[in-house]
Structure formats: C-alpha cells, structure tokens
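Here is a short briefing to read beside the model. Have a look at the fold, then follow the notes below.

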Amino acid sequence: MIKITGLDKLQREVNEAQRALSELDGQLGTVHFDPHDPSSIESAIQLVNQMVDQRTAQYTSNPIVAPLIDQMKEAYRESIIAKAAAARIESKEDN
C-alpha cells in the first residue's frame with residue numbers, strides 16, 4: 001500500500017489560488033500617464049503593481065499564486081509601455 005501525503009496542503013493552495021484570481025477578476029483600476037514622460041509611465045506601472053499587491057496581499061506566500069502575481073505585473077507593465085509607445089507614434093503622425 002502506498003501512502004500519499006501533502007494533498008491537503010496542495011488542495012488548500014489551489015483553493016487560495018482560485019480566491020486570489022477571483023480578486024483580480026474584473027476591472028483592477030485606472031491609471032493615467034503622459035506617454036512622453038518616462039517618469040509618468042513608471043509611476044503608472046508602480047500604481048498598477050500596488051493595485052495588484054493590494055488585492056493579492058494575503059496570497060503572496062502561496063507557491064501557486066506568487067508566480068502568477070509576478071506574471072500579471074509584467075503583463076501590465078508591458079501593456080503600459082506598449083500603449084505609451086503607440087500614443088507617441090500617433091502624436092508624431094498627427095503633427
């Protein structure tokens with residue numbers, strides 16, 4: 001007979017991950033930035049990181065959730081940078 005241990009812990013971590021993801025479901029918030037000002041862009045990135053951290057603070061020690069939080073922050077960062085670049089290109093085309 002084989003005894004498997006650790007399933008309770010895994011189930012608890014999976015349940016926490018589901019709760020954490022539900023915290024991030026829907027609109028996270030709104031940020032505004034000047035696409036021509038690098039410090040404004042960085043401030044927007046930091047604000048989004050804070051929003052994510054606020055919603056997921058109780059789950060950061062969860063080994064399933066922690067990497068997802070980092071991936072989400074990186075995705076938001078890339079999105080803000082891409083939107084800033086697109087806005088700069090659009091403003092150049094308008095001139």
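S40 is buried, with a relative accessible area of 17% (buried means under 20%, exposed over 50% and partly exposed in between, with a 1.4 Å probe and protein chains only). This is a predicted model, where local features need pLDDT of at least 70, side-chain atom pairs count only at pLDDT 80 or more, and totals for chains, interfaces and linings use all residues. Residues are numbered from 1 along each chain as its sequence is written, and side-chain values use heavy atoms, with hydrogens and water left out.

**Around S40**
- S40 sits in helix α2 (helices are DSSP runs of H or I with at least four residues, numbered from the N terminus).
- Setting aside neighbours within four places in sequence, S40 is in contact with F33 and D34 (heavy atoms within 4.5 Å).

**The core**
- The largest nonpolar core has 15 residues, and L28, I41, V48, V52, V65 and I80 have the most contacts inside it (such a core joins buried Ala, Val, Leu, Ile, Met, Phe, Trp, Tyr and Cys residues through side-chain atoms within 4.5 Å).
- Two or more residues of this core come from each of α1 (7-23), α2 (38-56) and α3 (65-94).
- The most come from α2, which gives six residues.
- Beyond its neighbours within four places in sequence, V52 touches L24, L28, I69, M72, K73 and Y76.

- V14 belongs to helix α1 and is partly exposed, with a relative accessible area of 32%.
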